[in-house]
Amino acid sequence: KMVHNGIEYADMQLIGEAYQLLRDVGGYRPVQIAEIFRTWNTGRLDSYLIEITAEVLAHVDAATGKPFVDVIQDQAEQKGTGRWTVQIALDLGVPVSGIAEAVFARSLSGHTALRDASRGLAGPKPAPLGEAEAAAFADRVEQALYASKIVSYTQGFHEIAAGSEEYDWDIDLGEVAAIWRGGCIIRAVFLDRIRAAYDARPDLPSLLSDEAFAREIAQAQDDWREVLTTATRQGVPTPGFSAALAYYDALRAERLPAALTQGLRDFFGAHTYRRTDREGSFHTLWGGDRSEIGA
């Protein structure tokens, strides 16, 4: 349930970022974005959260005649389960960066004094695209949303698997997907495919290792990156989309800067390091002749 809610945080953050991009960059009005979400809900993004996003965006405030979403203060509250998910993930040593960014985004939204003091900072202002360009951009946003969603679920299921191993719970990840599919906030057609992936291969190390999901992310690559490039150029914050892509790229990288991090740790704290060419832990005598010794 805790991880379910953490994924829910991530799902809602990604949906919010898609909405903001469609509005600020695409130039769409809330009622038009509602129709876009309704269309998305007939495809692979079919889910309860996508469905109700369309309902909220289409709703008009009776008192003002304005879009309902425009009369709500942009400060998202939280009960704490998303934060708990991140805290336990840190204890287990599992990277759940997408979920963490969703938690931090809610936290940032509530710091009104800080936001008020920062509004004058330099940076670009979004410039809406033309109609034809906006339609193509909306398609790219759908790709980015779907790819980022895969990553969020990958992280959540990784945390469940790690907890299961740590505490000998013997959790059936395919069954978890089936339970969530049956009725919860994140219920979605997408979960059927997650169940199928784990049923076919119970030892699947990651959803990204599943051929079907890996293929879909590969197909989303260019659009996903283009959306983030556009968001950066236009000054639209997309912490969820960005964290998802960074996680994906980190997993596929041949080498990570963690090697330098460990070298620095050895320099200032004698924390040792492991070499790529032989077994064991080592320390360099940085304050002496810089020879290497076994640790």
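How do the residues of the lining of the largest cavity divide into nonpolar, polar and charged? I began my notebook with this point and found 5 nonpolar, 1 polar and 2 charged residues. I note at the outset that the model is predicted.

**Entry 1: the cavity**

I searched the whole structure for cavities of 30 Å³ or more and found 1. The space in the largest cavity comes to about 50 Å³. I listed its lining as Asp11, Ile15, Leu45, Ser47, Leu49, Ile50, Leu145 and Lys149. I then asked which elements give two or more residues to this lining, and they are α1, α3 and α7.

**Entry 2: the largest pocket**

I recorded about 2100 Å³ of space in the largest pocket. Its lining has 46 residues, and those nearest the centre of the pocket are Gly16, Gln20, Asp74, Ser109 and Arg115. Two or more lining residues come from each of α1, α3, α5 (97–109) and α6 (112–118). The largest share is that of α1, with 11 residues. By class, I noted 25 nonpolar, 10 polar and 11 charged residues in the lining of the largest pocket.

**Entry 3: the second largest pocket**

I found a volume of about 350 Å³ for the second largest pocket. Its lining consists of 13 residues, with Ala259, Gln262, Tyr273, Arg274 and Arg275 nearest its centre. Helix α12 (258–269) and strand β1 (273–274) each give at least two residues to this lining. The largest share, 5 residues, is supplied by α12. The lining of the second largest pocket divides into 3 nonpolar, 5 polar and 5 charged residues.

**Entry 4: domains**

I consulted the domain assignment of the chain, which gives domain 1 as 1–252 and domain 2 as 259–294. Between the C-alpha centres of domain 1 and domain 2 I noted a distance of 40 Å.

**Entry 5: Thr238**

Where is the place of Thr238? I located Thr238 in the loop between α10 (211–234) and α11 (239–252). Is Thr238 buried or exposed? The relative accessibility of Thr238 is 7%, and buried means under 20%, so Thr238 counts as buried. Setting aside residues up to four places away in sequence, I found that Thr238 touches Glu17, Leu21, Leu228 and Ala231.

**Entry 6: Arg83**

I placed Arg83 in helix α4, residues 81–92. Its relative accessible area is 41%. This value lies between the cut-offs of 20% for buried and 50% for exposed, and therefore Arg83 is partly exposed. With neighbours within four places in sequence left aside, the contacts of Arg83 are Gln78 and Val103. I also looked up the separation of Arg83 and Pro128: they are 45 residues apart in sequence and 35 Å apart in space, C-alpha to C-alpha.

Notes: Residues numbered from 1 in each chain as written. Predicted model: local features only at pLDDT ≥ 70, side-chain atom pairs only at ≥ 80, totals over all residues. Heavy atoms only, no water. 1 Å grid on protein atoms, 1.4 Å probe; cavity = no way out; pocket = protein on both sides within 12 Å on 5 of 7 lines; lining within 4 Å. Points joined across faces, edges and corners; volume = space filled by probe spheres on them. Helix = DSSP H or I, 4+ residues; strand = E, 2+ residues; numbered from the N terminus. Nonpolar A, V, L, I, M, F, W, Y, C, P; charged D, E, K, R; others polar. Buried < 20%, exposed > 50% of the residue type's maximum accessible area, 1.4 Å probe, protein only. Contact = heavy atoms within 4.5 Å. Domains from an automatic or database assignment.
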